[in-house]
Amino acid sequence: MPKPIKLENLSLTFNHKICFQNFSAVISYGDRIAVIGNNGSGKTALVKAIAGCENILEGEIYIPDGIITGYVPQTVESYPQLSGGQRFNKELSLALSKNPDLLILDEPTNHLDIYNRKSLMGMLGRFQGTLIVVSHDEELLNKNTDILWHIDNGKVKIFNGKYRNYKTVSSSVRNSLEEEKRILEQERKTVHKKLMKQQERASKSRKGGEKKREE
């Protein structure tokens, strides 16, 4: 069984924007990882670096000797005579022909029809190696991955579990933060009212004292 892949203190700054900083992780053989996040967050740059295609990241990536990687990019520019789905299938077939230990796919369902999506889901379910996939496709994420790397607010958050579970946890955390914010805002308003009343009493007391002195 291949040794783990190690990522140490990976950072990406692009066009003066910090996408993420100091991301470290260990990828064990057989892990099924989804990389999620907003467009422009650095997902493609991260998987390209792991695939060994292009590395604009700071930090270290340790790939054990002998690891065979199959990588299918988001935009397949070869085979211009074919449709987007046909190009993807061609590149995927080439990647799988290597019998890869690590398969990396960037937005694989973007150009696929229903039949080819179903075929892809089945293939990924049977794939025995390590899978890293960039995707917004909730069905794919829930069926074929169980570790999430969420690039958000300059960090890569790791979640062990299905995407649907992550959504539930994230929603709960968001609601909790919103409730906390509401309580803090209410407390701020209460403190402000108390200060206003104290200032009003002090002002009345001061005016009363001045009136007595005048009399």
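This section describes the nonpolar cores, pockets and salt bridges of a predicted model.

The largest nonpolar core comprises 29 residues, and L7, F20, F23, L46, I50, I132 and W149 are those with the most contacts inside it. Two or more residues of this core are given by each of β1 (5–14), β2 (17–27), β3 (32–37), α1 (43–51), β6 (102–106), β7 (130–134) and β8 (147–152). Helix α1 gives the most, with six residues. When neighbours within four places in sequence are set aside, L46 is in contact with L10, F20, F23, V35, L57, W149 and I151.

The largest pocket holds about 330 Å³ of space. Its lining consists of 20 residues, and G40, G42, K43, T44 and A45 lie nearest the centre. Two or more lining residues come from each of β1 and α1, and α1 provides the largest share, four residues. Classified by side chain, the lining of the largest pocket contains nine polar, six nonpolar and five charged residues.

In the second largest pocket, the space amounts to about 200 Å³. This pocket is lined by 12 residues, with I36, H150, Y163, Y166 and K167 closest to its centre. Strand β3 and helix α5 (163–214) each supply at least two residues of the lining, the largest share, five residues, coming from α5. The lining of the second largest pocket is made up of six polar, four nonpolar and two charged residues.

Six salt bridges are present in the structure. One of them joins K48 to E54, with the closest N and O atoms 3.6 Å apart. K48 counts as partly exposed, at 25% relative accessibility, and E54 is likewise partly exposed, at 40%.

A salt bridge also forms between D137 and R117, where the closest N and O atoms are 2.6 Å apart. Because D137 lies in the loop between β7 and α4 (138–144) and R117 in helix α3 (residues 114–126), the pair ties together parts that are 20 residues apart in sequence. D137 is buried, with a relative accessible area of 13%. Within helix α4, E139 and K143 are four residues apart, about one turn of the helix, and their side chains meet in a salt bridge at 3.1 Å, N to O. E139 is partly exposed, with a relative accessible area of 35%, whereas K143 is exposed, at 53%. R117, D137, E139 and K143 are linked in a network of salt bridges.

Terms used:
Residues numbered from 1 in each chain as written. Predicted model: local features only at pLDDT ≥ 70, side-chain atom pairs only at ≥ 80, totals over all residues. Heavy atoms only, no water. Core = buried A, V, L, I, M, F, W, Y, C linked by side-chain atoms within 4.5 Å. Buried < 20%, exposed > 50% of the residue type's maximum accessible area, 1.4 Å probe, protein only. Contact = heavy atoms within 4.5 Å. 1 Å grid on protein atoms, 1.4 Å probe; cavity = no way out; pocket = protein on both sides within 12 Å on 5 of 7 lines; lining within 4 Å. Points joined across faces, edges and corners; volume = space filled by probe spheres on them. Nonpolar A, V, L, I, M, F, W, Y, C, P; charged D, E, K, R; others polar. Salt bridge = Lys/Arg side-chain N within 4 Å of Asp/Glu carboxyl O.
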